[in-house]
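Me: Could you take a close look at the salt bridges here and walk me through them? Which side chains pair up, and how buried or exposed are they?

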Amino acid sequence: MAKHAGRPTKFPVSVPTEAELQWLVGWLEGEGTFYAYTDARTNQIRITVRAVSTDYDMAIKAHQLAGVGTISGPYAYSDQKPYWIWSINGKQPCVDFMRLVRPFMGKRRQKQIDAAIERVEHHVY
């Protein structure tokens with residue numbers, strides 16, 4: 001389930017056009033990260049897609065184009081610009097989204113995606 005402003009939506013809301021997907025991939029190449037980790041409290045493997053932006057409208061655009069995830073924020077530290085976090089959590093939504101964007105990402109992001117999927121599918125702690 002995706003949510004924005006407290007309204008849940010199902011994944012995927014829509015399939016982005018090629019141009020929209022290219023924009024999303026470019027934005028994620030610069031702002032995004034893809035990873036899996038072991039939750040210290042539960043010892044379960046978690047997977048996430050995450051991007052941080054100081055431009056709220058860009059986080060909204062990414063959320064709308066992806067059709068999945070949540071936006072949280074704004075956050076700010078002392079005199080810094082406020083920022084928002086767009087993220088996808090949960091095994092299936094993350095893996096599906098990662099597989100969608102992977103072919104268009106640069107080598108470094110492809111490696112992040114491969115490592116995250118490998119870890120969550122094969123329970124690599």
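Reply: Ground rule first: a salt bridge here is a side-chain nitrogen of Lys or Arg within 4 Å of a carboxyl oxygen of Asp or Glu. Bear in mind that this is a predicted model, where local features need pLDDT of at least 70 and side-chain atom pairs count only at pLDDT 80 or more, while totals for chains, interfaces and linings use all residues. Residues are numbered from 1 along each chain as its sequence is written, and side-chain values use heavy atoms, with hydrogens and water left out.

By that rule you get four salt bridges. One of them links Asp-114 and Arg-102, 2.6 Å from N to O. Asp-114 sits in helix 4 (residues 107-122) and Arg-102 in the loop between helix 3 (91-101) and helix 4, so the pair ties together parts twelve residues apart in sequence. Helices here are DSSP runs of H or I, at least four residues, numbered from the N terminus.

As for accessibility, buried means under 20% relative accessible area, exposed over 50%, and partly exposed in between (1.4 Å probe, protein chains only). Asp-114 is partly exposed at 35%, and Arg-102 is partly exposed too, at 28%.

Asp-39 pairs with Arg-41 at 3.6 Å, N to O, and Arg-46 meets Asp-39 at 3.6 Å, N to O. Asp-39 is buried, with a relative accessible area of 9%, whereas Arg-41 is exposed at 77% and Arg-46 is partly exposed at 30%.

Methods. Helices (H or I, at least four residues) and strands (E, at least two) are DSSP runs, numbered from the N terminus.
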